[in-house]
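Here is a short briefing to read with the model open beside you. Take it topic by topic, and look up each residue as you go.

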Amino acid sequence: MAEPIRTYQRQLRPGINIPEMDTSGAREQVRYYQQLSKSLDNMASFFYKVADAKAKIEGAEYGPEVAPDGKQIDDAFNMPTGTADADAARTQAITDAQGAVKGKLEGIGDGFSTFGTNARESAMVTTYNDLSVLAKKRILDLKLAQDRNPNDPNLTPDLIKTEFESIIAGFAGAFDDVNPAYARKFRAEMNLYAYGELETITKKFNTENKNQLLAGFEVQFQQDIDSISTWWEVGMPVS
């Protein structure tokens, strides 16, 4: 018969005390590193905010410096019209000018960095303001031309309205596909401005026509009176 396997258990001797370890130093060291880590985080956050603020300022200053203006679009509107070929060439020139402005706007900044987003936004605002001024000037020039030549058949309210719509579409198209929100805002503001000018033109045009009709009526009426007087003086003519 096999002998049983003996197992041994460690037994503490009576009267022996195990000393407790002093961990206060380790705890203090942990607190020190925690405070150090917090201080470093605060410092990093501070420098990040400083760098972010600097990037915002630099981006806002850079955008207007490189923003495209609307001269090319404005020059396209100055091209001659009146024939099918001339009208087509003008339309194509406006489209090309829109594409040139779009391309420059798309190349400014980016959509993720602080510098890039501020540069792009400030460039958009600068170009928007420039195009607004040019569009309003063209609208006002048409109004002044109609004021100077109220009887010009090429400056009737209907034809001016069509040209107003062409001007607004031509300049607003620079923002299509680049920033649709700016395109909608531009069209809304310019349509409101053009409507006010067109209302003034239409009222004046109607008044001018009314006065011309009244003047023509008065002339005809006076001629009729003169004819009647002649009949009474010399007798009614016999056919």
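A residue counts as buried under 20% relative accessible area, as exposed over 50%, and as partly exposed in between, with a 1.4 Å probe and protein chains only. The model is predicted, so local features need pLDDT of at least 70 and side-chain atom pairs count only at pLDDT 80 or more, while totals for chains, interfaces and linings use all residues. Residues are numbered from 1 along each chain as its sequence is written, and side-chain values use heavy atoms, with hydrogens and water left out.

**Overall picture**

- The protein has six helices and zero strands; helices (H or I, at least four residues) and strands (E, at least two) are DSSP runs, numbered from the N terminus.
- Of the 239 residues in the protein, 26% are buried.
- The protein exposes about 17,400 Å², and carbon and sulfur atoms supply 57% of that area; accessible areas come from the Shrake-Rupley method with a 1.4 Å probe, and for residues only the protein chains shown count as cover.
- Among contacts with a separation of 6 or more, 72% join residues 24 or more positions apart; contact means heavy atoms within 4.5 Å.

**The nonpolar core**

- The largest nonpolar core has 32 residues; such a core is a set of buried Ala, Val, Leu, Ile, Met, Phe, Trp, Tyr and Cys residues joined through side-chain atoms within 4.5 Å.
- The residues with the most contacts inside this core are I73, L131, F164, I167, F171, F175 and F186.
- Two or more residues of this core come from each of α2 (71-77), α3 (84-106), α4 (114-148), α5 (157-172) and α6 (180-234).
- The largest share of this core, eight residues, is given by α4.
- In soluble globular proteins, nonpolar side chains tend to be buried together.

**Helix α5 and its contacts**

- Helix α5 has 16 residues and reaches 22 Å from its first C-alpha to its last, close to the 22 Å expected at 1.5 Å a residue; the expected span is 1.5 Å times one less than the number of residues.
- The buried residues of α5 are P157, I160, F164, I167, I168, G170, F171 and A172.
- Which residues does I167 contact, leaving aside its neighbours within four places in sequence? They are F77, A135, R138, I139 and L142.

**The loop between α5 and α6**

- D177 sits in the loop between α5 and α6, and D177 counts as exposed because its relative accessibility is 68%.
- D177 has a positive phi of about 70 degrees although it is not a glycine.
- Most residues other than glycine have a negative phi.
- D177 forms a salt bridge with K102, the closest N and O atoms being 3.7 Å apart; a salt bridge is a side-chain nitrogen of Lys or Arg within 4 Å of a carboxyl oxygen of Asp or Glu.
- This pair links distant parts of the chain, since K102 lies in helix α3, 75 residues from D177.
- Is K102 buried or exposed? K102 is buried, because its relative accessible area is 18%.
- D176, in the loop between α5 and α6, pairs with R187 in helix α6, 11 residues apart, through a salt bridge of 3.1 Å, N to O.
- D176 is partly exposed at 25% relative accessibility, and R187 is partly exposed at 28%.

**More salt bridges**

- The structure holds 12 salt bridges.
- E189 and K185 meet in a salt bridge of 3.0 Å, N to O, and both lie in helix α6, four residues apart, about one turn of the helix.
- An α-helix has 3.6 residues a turn, so residues three or four places apart point the same way.
- E189 is partly exposed at 36% relative accessibility, and K185 is partly exposed at 41%.

- Y193 lies in helix α6 and is partly exposed, because its relative accessibility is 24%.
- Not counting residues up to four places away in sequence, Y193 touches K136, I139 and L140.
- Y62 is in helix α1 (residues 24-66) and is partly exposed, with a relative accessible area of 36%.
- Y62, V66 and F115 make a nonpolar surface patch of about 230 Å²; patches are made of residues with over 30% relative accessible area and no salt bridge, with like charges joined within 9 Å and nonpolar side chains (Val, Leu, Ile, Met, Phe, Trp, Tyr) within 5 Å.
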